Amino acid sequence: MTASSGLTDADLVALPKAELHLHLEGAIRASTAEELADRYGMSAPHVGSFRNLSEFVVAYEAARDLVGDLDDLWRIARELVEDAAAQGVVWSEVHVIPPTYAGRIGPDEAVLEAVLDGFRAGAGDGSAAGVIVGVNRGLPMAAAERSLALAIRYRDSGVVGLGLAGDEANHPPGLFTDVFARAREAGLRALPHGGEGAGAGNVRSCVEDLGAVRVNHGVRAVDDPAVVDLLVERQVCLDVCPSSNVALQVSSSLEEHPLPVLIAAGVPVSLSSDCPLFCATSANAEYRLAHERLGLGIDTLARIARTSIIAGSCPDERRIAALSRLDTWRARCGERRAPGPTGGGGDGRPRP
Ligand SMILES: [Zn+2]
């Protein structure tokens, strides 16, 4: 299909990119979610928009409940990498929080190993994935310690960093300063969520207190120019998910999304789908929305893809090959660029 902008679906697949912000249970292949729901006599999770975080948490827990055993988890992980390859995603970083299973399908180690094995089974020339072991803000601190211990133990076996997810309004990043300090001492990257369900102060705290090298979402940084300056100065990448932000009412509409403003300010950004199962989106759908609805041109899309490839832990050989193909893509698509419906040519500046 050829879009009015001139970027075809095949062009988006050909764009080499990394997806640095998605959650395993929120990325279950839709047909697999239906199959598992049938098998276990459950409802498939809600798809669409959510009135508040509580409603979203219910959907997320419903998705986790579809995972009946370690084999299901292995399959979900393998399919995630296969689906990524089909979209031209060369590398994915996926949040997994083993303590949220509370031993239901096995010990934390078995949960993590099933995911890592599934990723290895799905990986090939096209794509591969690493795990961000997450800390769930709402669980007791003992669960955060378990996540940290797991992340350290599997650091050289597919875990790329320590994440932080959940209700940031009631559990700010500063509560986890010590956990993240020990993660960094152990050589793990700090990859927390912030600036989604609470304001710019949490983005600052992620950077200054937790030592974040990237912040998942982080879009509310836009409310405080000093925090935007901090991100630019330290070149902290925001892993932005526009469809998720609209579904969870972080942004009132796609057209109001701050992505173009952040890019214009010089903040490094990557684009991701966050929870494609609930938001009915994909990495490529996010690039298309950024192009057609937010007015980002070919050069800007290529820059976002480049940032995604270099801001994560994509293995060297894969990264170098992807960057080389990206140069070719930019030259080929740039030659036939056409202004989008918003007039976005290639500069990536926000619309007037
Ligand atoms: Zn997320």
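Which residues have the most contacts inside the largest nonpolar core?

## Nonpolar core

In this predicted model, the residues with the most contacts inside the largest nonpolar core are Val115, Val131, Val133, Leu162, Leu238, Val269 and Leu301. That core has 105 residues. In soluble globular proteins, nonpolar side chains tend to be buried together.

Leaving aside residues up to four places away in sequence, Val131 touches Val94, Val96, Leu112, Val115, Leu116, Gly158, Val159 and Val160.

## Helix H8

Helix H8, spanning residues 200-208, is mostly covered, with seven of its nine residues buried. The buried residues are Ala200, Asn202, Val203, Arg204, Ser205, Cys206 and Val207.

## Positive phi in two loops

Most residues other than glycine have a negative phi. Gln249 has a phi near 60°, a positive value in a residue other than glycine. Gln249 is found in the loop between helix H10 (242-247) and helix H11 (259-265). With 14 other C-beta atoms within 10 Å, Gln249 is partly exposed.

Ala280 has a phi near 50°, again a positive value in a non-glycine residue. The loop that holds Ala280 runs between helix H12 (276-279) and helix H13 (283-292). Ala280 is classed as partly exposed because 14 other C-beta atoms lie within 10 Å, a count between the limits of 12 for exposed and 20 for buried.

Methods:
Residues are numbered from 1 along each chain as its sequence is written. This is a predicted model: local features need pLDDT of at least 70, side-chain atom pairs count only at pLDDT 80 or more; totals for chains, interfaces and linings use all residues. Helices (H or I, at least four residues) and strands (E, at least two) are DSSP runs, numbered from the N terminus. A nonpolar core is a set of buried Ala, Val, Leu, Ile, Met, Phe, Trp, Tyr and Cys residues joined through C-beta atoms within 7 Å. Two residues are in contact if their C-beta atoms, placed from the backbone, lie within 7 Å.
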